[in-house]
Amino acid sequence: MAKAFYRLQKLIRRTQFLLFFLTAAYLMAGSLLLLQRTRLVIQQGSHGTSTNQALTVLDEMAGVGITDPRALQNPHPGPRLLVGMDALQEPALEQQHSPRWLVSRNSELRQLRRRWFHRFISDQESMQTAGFKVIKHTAEHKGTYIGCFTDDSRERTLKGAIFYDLRKMTVAHCQEACAERAYTYAGLVYGAECYCGNTLPATTSKPEECNSECKGEKGSVCGGVNRLSVYRVEELRAGARRRRNVIYRGCFRAPENLTDTFPASLIQPNLTVEMCSEFCSKKEFPLAVIRGQECYCGYPTGSFSLRDGADGLRCSGTRNTSSAAEGKYCLVYQTPVQDTRCTDRKFLSTKSKVFVALSSFPGAGNTWARHLIEHATGYYTGSYYFDGALYNKGFKGEKDHWRSRRTICVKTHESGKTEIEMFDSAILLIRNPYKSLMAEFNRKYAGHLGYATDRNWKSKEWPDFVNSYASWWASHVLDWLKYGKRLLIVHYEDLKQSLIPKLREMVEFLNVTVTEDRLLCVENNRDGNFKRSGAKQKDFEPFTQEMKDLINRYILTVDEALRERNFTGLPREYMPR
């Protein structure tokens, strides 16, 4: 009996050892197979990957945790028609207002993400293969290359103007931008950022440290990591071009002590606007102030805010000189120089405790509001979407994940209970639906700065667009009023007319403290990079009477909803006449 028990115990021990050995062998074999496949992928990657393959990989990634959240939260996206305060259902009209516009818009956004991601990977691979080779300077651009300098973001020497183009930056583009603003030097960094100024940086660097290729020009150097490639820009041939960039701001009462208000001054017999503007441009000031033969340079400040202009007759004589009523008044001109007191921006150093949305209907000025908020607060804004055109022009928060909480607020056009309740508070930007619909139609067919053609406006696309998007304009506001936790209502027209008071309200709502000078700087740079050049006049009325009747019903519905929530109603210009 003892022998049998001993043999059984011995067999069990051998079986345990055998199982352990087989398990270890299985794990080792799996590890070897994984290493072999990884090596094969790396070898294939070194020979290049086609665009179609890359997009296929991205599509597979989208199914593993990178799926568009809107597809999960709202499987049937589309605007909902709301005609009354109780969200009256109209199934016939619901079917008529096809959701294909929203489906198409979501598809466009996904394609933007894919194209950007593939471009980003390609750029990274090309930079890795290039290593630290010195890129030769081409002779295509007209300016003179000065050298490679150290770039200190905290104490930047070239700070007169700042431009971004993370896709198409070239040396010539940077030089032209700086020359148009009367700067002497143009500096490029990171292959995509352009800085202008009239003073060279103090610290030089080794030529090989400027090794970033320009994003829009192969073979040309555009600085490096914390390194500036500096060029002396070519002088503009025609003085008229520089003169055209000088803008007359008006006649204003002069401060009591001009020398205390303005840091630089010049006394010149037979003083002209060109003389004063050129002097102030060289000193890198955005304002040129003329009183008789005296020229002063500076910024808009609390004591000289340019808000209360005087009667132009008080500044006697021509605009080239000013006797200015015994020295009490002065002529003010905007020089080509950019006011840079508010151009520095960064991500939040710690995650924001309050998740704030900047919500609007498309075409309501969300991009412009983001420009104002970023320059007023000094922090980047995020986006629920990704727009490569905005990212390439300096909206760096576009690339940051919208839930990172590293941005001061997040742009969104979404509506619906789930999408709204994820935010702790929101700035709700509302614009006249007639203007919003036209702006979004222009963007859809011609981009952020273009205009749709007359053929687009007269096609069947325009009536379908109005029928679909007009209901969305109303439902967007009503949903945010219903589900929003803490709202600040901002009307686009009020922001445009009273920029500083409204912007101050927005900044306080975001719990950020800013100086008066910074707000005045924002006002000096109010347009940004995405303002269409004037309103393109059409020789026909794009809105039919049927469209107007539809839109007017939505206007009255939204106005009633705002008043019931104790908000100010829509501006009078919205109201049907």
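## Strands, cores and a helix pair in a predicted model

In strand β4, the residue that Tyr164 has as its bridge partner is Glu193. This is a predicted model, in which local features need pLDDT of at least 70 and side-chain atom pairs count only at pLDDT 80 or more, while totals for chains, interfaces and linings use all residues. Residues are numbered from 1 along each chain as its sequence is written, and side-chain values use heavy atoms, with hydrogens and water left out.

Strands β2 and β4 (residues 193-197) run antiparallel and are joined by four bridges; two strands are said to pair if DSSP finds at least two bridges between them. Helices (H or I, at least four residues) and strands (E, at least two) are DSSP runs, numbered from the N terminus. Both strands belong to an open sheet of five strands, ordered β1-β7-β3-β4-β2 with antiparallel pairing. Because β1 (144-150) and β2 (161-164) stand at the edges with a single partner strand each, one side of each is left without a neighbour in the sheet. From one strand to the next the twist averages 25°. Helix α6 (residues 171-180) packs on this sheet and touches β2, β3 (185-189), β4 and β7 (227-232), its direction making about 140° with that of β3. Contact here means heavy atoms within 4.5 Å, and axes are lines fitted to C-alpha atoms, for helices over the stretch in contact, with angles running from 0 to 180 degrees between N-to-C directions.

Strand β10 (residues 287-291) is mostly covered, since four of its five residues are buried, where buried means under 20% relative accessible area, exposed over 50% and partly exposed in between (1.4 Å probe, protein chains only). The pairings of β10 are set out below.

| Partner of β10 | Sense | Bridges | Example of bridge partners |
|---|---|---|---|
| β11 (residues 294-298) | antiparallel | five bridges | Val289 and Tyr296 |
| β12 (residues 329-334) | antiparallel | four bridges | Leu287 and Gln334 |

The hairpin of β10 and β11 has two residues between the strands, and in this hairpin Gly292 takes a positive phi near 65°.

The largest nonpolar core has 44 residues, of which Ile430, Leu437, Trp462 and Trp473 touch the most other members; such a core is a set of buried Ala, Val, Leu, Ile, Met, Phe, Trp, Tyr and Cys residues joined through side-chain atoms within 4.5 Å. At least two residues of this core come from each of β16 (425-430), α14 (433-446), α16 (461-483), β17 (487-491) and α20 (545-564), and the largest share, 12 residues, is supplied by α16. Leaving aside neighbours within four places in sequence, Trp473 is in contact with residues including Phe361, Ile430, Tyr554 and Val558. A second, separate core of 29 residues includes Cys342, Ala369, Ile408 and Phe509.

The axes of α16 and α20 come within 10 Å and cross at roughly 5°, which makes α16 roughly parallel to α20, a description used for angles under 35 degrees, with over 145 counted as roughly antiparallel, 65 to 115 as roughly perpendicular and the rest as oblique. Among the residues making this contact are Trp462, Val466 and Trp473 of α16 and Met547, Tyr554 and Val558 of α20. The residues of the contact divide into 17 nonpolar, three polar and no charged.

Over the protein chain there are 20 helices and 17 strands, and buried residues make up 46% of the 577 residues.

Terms used: Ala, Val, Leu, Ile, Met, Phe, Trp, Tyr, Cys and Pro count as nonpolar, Asp, Glu, Lys and Arg as charged, and the others, Gly among them, as polar.
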